[in-house]
Amino acid sequence: MNINKLTAILLFSGSLFWSACNKEINENYSALQQLNPANADAGAGAWKTVVLAAPTDVTVPAPTAANSAEYLQEIASVKNAASGLSNLQKEAVNYWSAGSVLRWNEILRDLVAKHNLAPAPNADNTYSVPDANNAFNYPQFPFSNPPYAARAYAYVSVAQYDALVAAMYYKTKYNRPSAYQVDATVPLLVPKNTLPGYPCEDAVVAGAAYVMLRALFPADTTFINEKVAEAAAYKQWAGAAVPSDVTAGLNLGKAVASKVLARAKSDGMKNALGTAATRDSLQKRVEALGESPWISQDSPVRPGMLPFFGAVKPWLFPKDSIASIRPPQPPSTKSAEFKAQVDEVKREADPNDREKFRIVHFWADGGGTYTPPGHWNAIAFDQIYAAQQSEVRAARNFALLNMAMMDAAIGCWEAKYHYYVPRPSQVNPDIKTLTGLPNFPSYTSGHSTFSAAASTVLGHIFPAQASNFDAMAKEASLSRLYGGIHYRMDCEEGLKHGQRIGAFAVARARTDGAE
């Protein structure tokens, strides 16, 4: 795709921040400084990939030589375009030059928040399920509940990471310099770096986003296309890439993401809702053991959220080992120990305690938000930006974080529906919750499991902040007890479970070649 065509796409589709079709998306535009990492991670082409067996699983054709007439003509086109950049194009350069991986993470969190709304009941008290094949029909696809969101964050992050590792491999192999390295008169609007220009890493990230986000959020294809066009074009407007750098990057990102998407299509997510019969069997099994089962408190009664998400394929441990890391059996719902747990929730869910109330709502991350996994992505975003990490290192760290949180969702949901423990307010209706009541069993706490997995990974990546991340995870966990929706055992065992799962990501990090 040449620079003129990309410019036309941007001008046709509207501005970076005010496009008419973007009104439902809050991009949270922030005036970040341009990315200027001290370490470009030039050797990242040798890092361990996730889905790709090796960077050579995808092919990038050799570029034309930097002294060829064709390449010099490309440089001339970049210089010509730079002489007449519009204000919107300059805004695009400022936006994306803060880091493409970071910006796509912001965009993904906004898409999750937009779609994180449970479908309303039909007139006959049934519920329709969002249909990916009819994404614009109500209820619009997807319902970005926490497990779906965790999975989305993981797949996008892995695709971008694997694609960037492959890009770094081919940058080193072909070693074609950037436009400004060839011609010092090219106007440059971004910091210089020592990396070869081919393929363009920002276009690689955009190409991966193009494939993954369109599959995960098909009703937002127009918006996603616009953002991809902007992200691909900005390095040319900035004088740091020529059209062939961008074309190669887009193609590489799409090729890698297609392989990652193939994994997603076969990971078992399509069976996570189950059938009425399989869902009923979960309750009957618990009743047969003489226990009180969880029952939906929604009115009308809604099927539990993704009861078979626990059977989705994990990233970091074998699927058949999930029982070996499962939280221990909770006390019987008929026991004095369980009654004590219920009584404690009644005491702790105190609407008059302003500090507890603050904690509950800070960590609520309910409907219409980017979910608990998104909250930890926002925390990681700040740390990665402050550290001025290279694009490939930022992608690697988001991939580690989000693989751990998707696996935390898998492990937690497997435990929830295995034990099928009722929520505190179901057992004692006098308990008044201080936040929304999730429509799935209680034991263990998803917030606790997500947060412990995330804090374990982030504490490894940013060891100076490890104690702060741990404190955040514990506060997020307690917020669910204070909110009246979880027992202390849910929180404590969820934290332990999340730490076990996060440890798998740390073990991978120590052997992926990036440390």
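## Reading a helical chain, feature by feature

Colleague: I began at T449, which has its place in helix 16 (residues 446–461). How many helices and strands does the protein chain have?

Modeller: Helices (H or I, at least four residues) and strands (E, at least two) are DSSP runs, numbered from the N terminus. The protein chain here has 18 helices and zero strands. Before we go on, note that this is a predicted model, in which local features need pLDDT of at least 70 and side-chain atom pairs count only at pLDDT 80 or more, while totals for chains, interfaces and linings use all residues. Residues are numbered from 1 along each chain as its sequence is written, and side-chain values use heavy atoms, with hydrogens and water left out.

Colleague: Is T449 buried or exposed?

Modeller: Buried means under 20% relative accessible area, exposed over 50%, and partly exposed in between (1.4 Å probe, protein chains only). T449 has a relative accessible area of 1%, so it is buried. Contact means heavy atoms within 4.5 Å. Leaving aside neighbours within four places in sequence, T449 touches A408, C412, T444, G494, H497 and G498.

Colleague: T444 is on that list. Where is T444 placed?

Modeller: T444 is in the loop between helix 15 (424–427) and helix 16. The peptide bond joining Y443 and T444 is cis, with omega about 5°. Another cis bond runs from Y198 to P199, with omega near -5°. P199 lies in the loop between helix 6 (179–182) and helix 7 (201–216).

Colleague: Let me step back to the whole chain. How does the radius of gyration of the protein chain fit a compact globule?

Modeller: That radius is taken over C-alpha atoms, and the globule rule is 2.2 Å times the number of residues to the power 0.38. For 515 residues the rule gives a value near 24 Å, and the protein chain has 24 Å, which agrees. Its C-alpha trace spans about 80 × 50 × 45 Å along the principal axes. Of the 515 residues, 58% count as buried. Among contacts with a separation of 6 or more, 85% come from residues 24 or more positions apart.

Colleague: Which residues have the most contacts inside the largest nonpolar core?

Modeller: In soluble globular proteins, nonpolar side chains tend to be buried together. A nonpolar core is a set of buried Ala, Val, Leu, Ile, Met, Phe, Trp, Tyr and Cys residues joined through side-chain atoms within 4.5 Å. The largest one in this model has 138 residues, and those with the most contacts inside it are W104, M212, L213, F217, F309, W376 and W413. Helix 5 (residues 146–174) gives the largest share of this core, 18 residues. Apart from it lies another core of 12 residues, among them F338, V342, Y419 and Y443.

Colleague: What does F217 touch, leaving aside its neighbours within four places in sequence?

Modeller: F217 is in contact with L108, L111, V112, H115, P142, S144, Y148 and I224.

Colleague: Next, the rings. How many aromatic pairs are there?

Modeller: Rings of Phe, Tyr and Trp (its six-membered ring) pair if their centres lie within 6.5 Å; planes under 30 degrees apart count as stacked, over 60 as edge-to-face and the rest as tilted. By this rule the count is 16. Y169 and Y170 make an edge-to-face pair, 5.0 Å centre to centre with 85° between the planes. Y169 is partly exposed at 27% relative accessible area, whereas Y170 is buried at 4%. Together with Y174 and Y198 they form one aromatic cluster.

Colleague: Which ring does K254 lie over?

Modeller: A charge sits over a ring if NZ of Lys or CZ of Arg is within 6 Å of the ring centre and within 35 degrees of the ring normal. K254 lies over the face of Y210, at 4.4 Å from the ring centre. The charged end of K416 sits over the ring of W413, 5.5 Å from its centre.
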